[in-house]
Amino acid sequence: MDYAQYLENLENKLRSSFDLYRDHKINNLELDLYGRFYMTTERYLLTKKAKIFGIENNEHILVNKIDNLDASKLSEFIGCIIDSIDHIVDPHPEHMSSIVTGVLVIDDSIKILSDEIVDDVIKFKFHKGFSFGLRGWVDVRLLIVSLKDGIVISNKKGKEVEQVYKIS
């Protein structure tokens, strides 16, 4: 499967829930595909004028293809994801949680990646609370998808969505 087909398949899977944008730029990070999902839940007392509370959950997907993945390119991508959090997450009083999913797509086999890169992905963890959790938090998922093998490696948080990014 080539990268254009993979992006098209991924868009078809995500289209019903996400707003999708091709060739999107966030904070100096050029993305091949950007997806965002917003869900707001509100509770009222008798009328909509008497709102008791509201909760907002968000998810952002950042997809890029990279050639010749090495440790420096991986750390650069991770740094760009973390820097972009300030631009895509708005921690207001009703914000509960946001998840940022960073997906790197490679043409090569996962087997040619160094053990250091695989370990860095598996051990990667990022969690940030806003105002001691009163304005919610953000978690980062990190995935590497091999177009040649159809294999996905991810951090612990990314295991939740591995099946979505697998080549089908």
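This is a guided tour of the model, stop by stop, with what to select and what is there.

The model is predicted, so local features need pLDDT of at least 70, side-chain atom pairs count only at pLDDT 80 or more, and totals for chains, interfaces and linings use all residues. Residues are numbered from 1 along each chain as its sequence is written, and side-chain values use heavy atoms, with hydrogens and water left out.

**Stop 1: the core**

Select Leu69, Leu74 and Ile144. These residues have the most contacts inside the largest nonpolar core, which has 31 residues. A nonpolar core here is a set of buried Ala, Val, Leu, Ile, Met, Phe, Trp, Tyr and Cys residues joined through side-chain atoms within 4.5 Å. Buried means under 20% relative accessible area, exposed over 50%, and partly exposed in between (1.4 Å probe, protein chains only).

Now colour by element. E2, H2, strand E4 (95-106), H3 and E6 each supply at least two residues of this core. H2 gives the largest share, seven residues. Helices (H or I, at least four residues) and strands (E, at least two) are DSSP runs, numbered from the N terminus. In soluble globular proteins, nonpolar side chains tend to be buried together.

**Stop 2**

Turn to charge. The structure holds eleven salt bridges. Each is a side-chain nitrogen of Lys or Arg within 4 Å of a carboxyl oxygen of Asp or Glu. Side chains of opposite charge can pair when their charged atoms come close.

Select glutamate 11 and arginine 22. Their side chains meet in a salt bridge, 2.9 Å from N to O. Glutamate 11 sits in helix H1 (residues 3-14) and arginine 22 in strand E1, eleven residues apart, so the pair links distant parts of the chain. Which of the two is buried? Glutamate 11 is, at 12% relative accessibility. Arginine 22 is partly exposed at 41%.

Next, select arginine 36 and aspartate 19. This salt bridge has its closest N and O atoms 4.0 Å apart. Arginine 36 belongs to strand E2 (residues 29-45) and aspartate 19 to strand E1, 17 residues apart in a pair that links distant parts of the chain. Both ends are partly exposed: arginine 36 has a relative accessible area of 27%, and aspartate 19 has 39%.

**Stop 3: a salt-bridge network**

Select lysine 157 and aspartate 139. Their side chains form a salt bridge, 3.9 Å from N to O. Lysine 157 is in the loop between strand E7 (152-154) and helix H4 (162-165), and aspartate 139 is in strand E6 (residues 137-146), so the bridge ties together parts 18 residues apart in sequence. Lysine 157 is partly exposed at 28% relative accessibility. Aspartate 139 is buried at 11%.

Salt bridges that share partners join Glu59, Asp139, Arg141, Lys157 and Glu160 into one network.

**Stop 4: two surface patches**

Switch to a surface view. Patches are made of residues with over 30% relative accessible area and no salt bridge; like charges are joined within 9 Å, and nonpolar side chains (Val, Leu, Ile, Met, Phe, Trp, Tyr) within 5 Å. Lys and Arg count as positive and Asp and Glu as negative, while His and the chain ends are not counted. The place of a charge is NZ of Lys, CZ of Arg, CG of Asp or CD of Glu.

Select Asp115, Glu116, Asp119 and Asp120. They gather in a patch of negative charge on the surface. Aspartate 115 lies in helix H3 (residues 115-123). At 63% relative accessibility, aspartate 115 is exposed.

Then select Leu45, Leu46, Ile52 and Phe53. This is a nonpolar surface patch, with about 480 Å² of accessible area together. Areas come from the Shrake-Rupley method with a 1.4 Å probe; for residues, only the protein chains shown count as cover. Phenylalanine 53 is in strand E3 and is partly exposed, at 36%.

**Stop 5**

Where is the phi of aspartate 23? It is near 45°, a positive value in a residue other than glycine. Aspartate 23 lies in strand E1 (residues 19-26) and is exposed, at 66% relative accessibility.

Asparagine 68 sits in the loop between strand E3 (47-65) and helix H2 (71-88). It is exposed, at 57%.

Finish at histidine 24, in strand E1. Histidine 24 is partly exposed, at 26%.
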